[in-house]
Amino acid sequence: MVSAKYKISVFSRRLSAASVLLSVLCLCVLNGCEVINEGERLIPVPQPAITDGRNHVLIEFTGFRCVNCPKASEAADELSRTYGDRLITVAMHPATNPFTRGAEQYDYTCTAADTYYLHLGGLATTPFPAGNIDLQTETDGSMIDYPLWATWVAEQMEQTGMVQLTADAALQPETRQLTVRAHCYAMQPMSLQLATWLVEDSVAGAQALPDGSVDTQYYHRHMLRGTIGDEWGENVIAQLQPDEYVVTGKLPEGCDPKHCYAVVVAMDDNKTIINALQLRIE
Amino acid sequence: MKFEVLYIAVCLLWCTSLCAARDTVYVSGGVQHDGLFPTRDISEYRTHPRAPWAKIDHLSNNYIDLAVHYLTSATNVVHFRGVTADTRVEINQWPLPGYEPGFAGHGIGRLSLRADFEWGHISVGDIYGQFGSGILLNLYENRDLGVDNSLRGAKITAEAYNGIHLTLLGGKQRRYWNCYTDGAWGWNYSRDAVLGADIDLELHRWIIPLQQNSIDLTFGGSYVSKYECPDTLLQPIDGKLYMYNLPRWVGAGEVRVEMQGHGWDVMAEYAYVANNPTIENMMSYRPGQTLLLSAGYSRKGFSVLAQAKYSDNMSLRSSRTQTGIAGRLNLLPVFTPQHTYSLAAIYPYATQYVSGEWAFQAEVCYTWPRRTPMGGRYGTTLKLSGAHVRGLLNEGSWAVDWTKHGTYYTDLHLELNKKISQIWYLNALIMYQTYNQRVIEGEGDLVRAGVAVLENKVKLTDNITLRNEVQYLFTRQDNGQWVAAALELDLWRCVTVTGEWEYNIGGAPNELKQHYYSALITYTHEAHRLSAGYVKTSAGLNCSGGVCRLEPEQEGVKLSYNYTW
C-alpha cells in the first residue's frame, strides 16, 4: 500500500521535472526562430576589383534532359556579367550521365567532357546541374550545386596568378584547320600542362524545361566541342622567356566557326587550372 | 577520436564491474555483411572519387552492432531501472554500388549510453527518435538507403505526470564520414546544433467519459530549432553582387491530435517552418507547411483507410548547403503503397519536399469468411488500394495543379489473396500506375503502366514449399514492356533456393534489351543467415518511405551474412 505522502512526493518531483522541461521548451520557442523581413534578405557587397591576374574557368555539367539546367546556365551568365573576362564559362555534356541521353540530333557530348567529368568524380548517378571551378578536386565532393557557384567563384577570384598567358588563334576556312599559338610566362620556371579547348556558343537545339515541355529552339551556351590536341594538354615550361606552344587541329563537323572560340588552359601537376585565356578565332 | 576511445574504456570498465553485480546483465548484437564480387570493371561502381580503388575486387557494406544491457530490480531513490550501452562499427570503404559519395568510409557509426528510469530515460551519444509522424524530426537508420541521420548529443524523455510525456533533445547531426577529408576514423557531423522538444498529452487518462467508452485521445506538439552560423552565400544580380542575410535560428513547430477507439483511428497533424533558405529550395525564404489527415476503421475481416497530405517547402536539414540523402532532419510520410513484386516496384514514388504536393490514399480490405460463396472453403481476402499525388498550382499555394503536368503519381491496384486448398495459396495483383519521371527522376516522360502478377505457393510436403510468380508490365513509354518470373524452393525450413528473371521485351533500344536474373541459395540456422549466388540486376530506384537511392545496373557474385544474438 503506497502512502499518500509517498504519492505526493513522487507527484511533486515529477511536476518539478516537468516544469524544468517545459521552461526549456518555452525558451526554445522564444529564441529558436529568426525571421528575416523581405527587404532585408539581400545585402549589397562591394563589387569585385577587376584587375589583371588569374582567370578562372567555371565548368557547368549539363544535359538536354536536365530541366533545371537552363536556370544554372542563367546563373553562369550572371556571373560572367559580374566578372567579365576573368571568368570563363564552359558547359560540358558528358555521355556517362543519363541527363545527356537523347536522340542523335541532340547529342552534344564529346569524349573530352567525359574525361573531365570522370576526373572530377562524376558518376552516372550524379544529379545535374552540377559545376566545378578550375577542375579542382581538393575538396570533398568536386561537384557543386549551382546556387553555390557565386560564392565559390568569389573565393577563387581572390587568388593571384603565378602564370600569365598570351595566345592567338587562327582558322583556315577552307580546311577548317585551327592553329593556336600560346606563350606562358612565370617569374620562376614552372612545368605545367597547356591544353586547348574548342567551345561553341549559341548552339541551336532542344532543351527540356521545368514545366515538362521541350524547347526545340533553345540556344546552348559555351558548349565544349572537343579539344585541339590531347585532353590533358602538352607539357610546357612557363618562364620569363618561354617557348611558343603551337597546336593545330580541325574543327569538328557541325561546328559553326562564327560561334566558336578557343580556351587555352594551363594546368598544374594536380590537373587544376591555374590560368586560362579565351580567344576569338580570327 | 579521443571521445570514442574514452567512451569505449568507460564501457569496458563498467561491464567488468557489472559482472560482480547481482542484477541482470546481457549482451546483444549483430553482424551484417552484404558483398558483391562484380564481374565488370569495378571502377564503374566507385562511390567516392578519393577512395583508393586499385586492387579492389570486392564491394561490401559491413556492420557490427554490440549492446550491453544492465537491468536492476532493486528499489532506489531515483527509480533507476537499468542502462544500455550501444556501439556500432561500420566498414563501408568500398560500398555496394549506388550510394552517395560521402557514404564510403569506415569508423564507429554509433556510440550511445541510455539510462532507464521508472519515469523515462536519458540518452547521451548518438540518438534516434521521432516526434509524432516524423514530419518535423525523424532520426533513423536505413542501411538499404545509406541513411543515418542521428544526432550526437543528448535526449531526455519523461512521463512528467500520468499521461504527460515530454521529450527534450539536442545535438549535432551525423553526415557520413570524414575519413577522406582529414583521415579521421570517425563520423562527420554538421557544424551547428539542432534542438527539439515534444509533448504528448493523453487526455483519456484524465477524462473519465473517454475511459468509460474505451476511447484514447491524444494531443501533441513539437518544436524543432536548428542553429547555424550564417554562411557567406553570394548572389549576382544584374552584374552586382549581393550576400544573403541568413537566419541563425530556423524554427519549426507542429501540433497533432489522434483519437482511437472501437476500431477507429483518426489523426490530424499540422507543421509550419519559418523562413528556411537552403540550397535545396534555391534560397527561398517563404515558410513551409504540412498537413496530414488520416482516418481508418478496422474490425475482424474488414478495414478501410483514407488519408490526405499537403506539403510545401518542407525540407528541414541541419545544414543549409546540404543536398542529397544525408543531413535531412524530417521525413514526410510517402502516402503511396510500397510494393514487393519487382515489376510493381519499377516506378516508385519519391516525396517532393521542396516543390510540394497533394497526396491522397485510400484502401479497402475485406475478407469473405470461410464456407461462404465468395469465401470458399478457407476464406478470400480482397484489397482495393489507390494513391494519387499531384503538384501544387503555384509556390506556397494550397490549390491542386489539375493540369497534365501536375500529375506526379497514381497507383490503383486490386489484390486477391486466397487459400485454395490445404497446400495451395494464391495471390493475384492487377495494377494501374502513372509516374512522372521528370518530377521524380529529374528527366523523362509521364509513364502510364499496367502490371499483372500471379503468385502461387504450394506446400509439397511438411518440409518443402514451392513458390512461383509471374509478372507482366505494359507501358508505351520509357523502356516499354517487361516480363518477370520467380521460383523459390524452401527446404526443411532452413534452406531456400531462389531464382528470378526479368526481361525487357519492348520499346527499349536493342542494347538495353537484356535478361536480368539472379540465382541465390540461403541457409538459415537459428540466428545465422548466409546467402550466396549470382545476380544481374537492372538499374532503378530503391525507395523506402519516399526516400530513394538510384542503383546502377550490377552483375556479379553476391554474398550476404547476418547474425544476431
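The link of Cys66(A) and Cys69(A) is right-handed, with 90 degrees about the S-S bond. The structure is a predicted model, in which local features need pLDDT of at least 70, side-chain atom pairs count only at pLDDT 80 or more, and totals for chains, interfaces and linings use all residues. Residues are numbered from 1 along each chain as its sequence is written, chains are lettered from A in the order in which they are written, and side-chain values use heavy atoms, with hydrogens and water left out.

## Disulfides

A disulfide is taken here as a pair of cysteine sulfur atoms within 2.5 Å. By this rule, there are two disulfides over all chains. The table sets them out.

| Disulfide | S to S distance | Angle about the S-S bond |
|---|---|---|
| Cys66(A) and Cys69(A) | 2.0 Å | 90 degrees |
| Cys543(B) and Cys548(B) | 1.9 Å | 110 degrees |

The link of Cys543(B) and Cys548(B) is right-handed, and both of these cysteines are buried. Cys255(A), by contrast, is in no disulfide: the nearest cysteine sulfur belongs to Cys260(A) and is 4.6 Å away.

Cys66(A) counts as buried because its relative accessibility is 1%. Cys69(A) is likewise buried, at a relative accessible area of 2%. Cys255(A) has a value of 5% and is therefore buried, while Cys494(B) is partly exposed because its relative accessibility is 21%.

## Cavities

Cys69(A) also takes part in the lining of the largest cavity. A cavity is a set of points, on a 1 Å grid over the protein atoms alone, where a 1.4 Å probe fits but cannot get out; lining residues have an atom within 4 Å of a point. Grid points are joined across faces, edges and corners, and a volume is the space filled by probe spheres set on the points. There are five cavities of 30 Å³ or more, and the largest holds about 90 Å³ of space. Its lining includes Glu60(A), His93(A), Tyr218(A), His220(A) and Arg221(A). Helix 2 (69-83) and strand 9 (214-220) of chain A each give two or more residues to this lining; helix 2 gives the most, with three residues. Helices (H or I, at least four residues) and strands (E, at least two) are DSSP runs, numbered from the N terminus.

## Backbone features

Most residues other than glycine have a negative phi, and most peptide bonds are trans. In chain A, the peptide bond from Phe128(A) to Pro129(A) is cis, with omega near 5 degrees. Pro129(A) is placed in the loop between helix 3 (111-119) and strand 4 (130-133) of chain A.

In chain B, Ser214(B) has a positive phi near 55 degrees and lies in the loop between helix 3 (208-212) and strand 14 (216-227). Asn313(B) also has a positive phi, near 55 degrees, and is found in the loop between strand 20 (302-312) and strand 21 of chain B. Asn313(B) counts as buried because its relative accessibility is 5%.

## A partly exposed valine

Strand 21 (residues 357-368) of chain B contains Val364(B). This valine is partly exposed because its relative accessible area is 35%.

Conventions
Buried means under 20% relative accessible area, exposed over 50%, partly exposed in between (1.4 Å probe, protein chains only). On a 1 Å grid over the protein atoms alone, a cavity is a set of points where a 1.4 Å probe fits but cannot get out, and a pocket is an open set with protein on both sides within 12 Å along at least five of seven lines; lining residues have an atom within 4 Å of a point.
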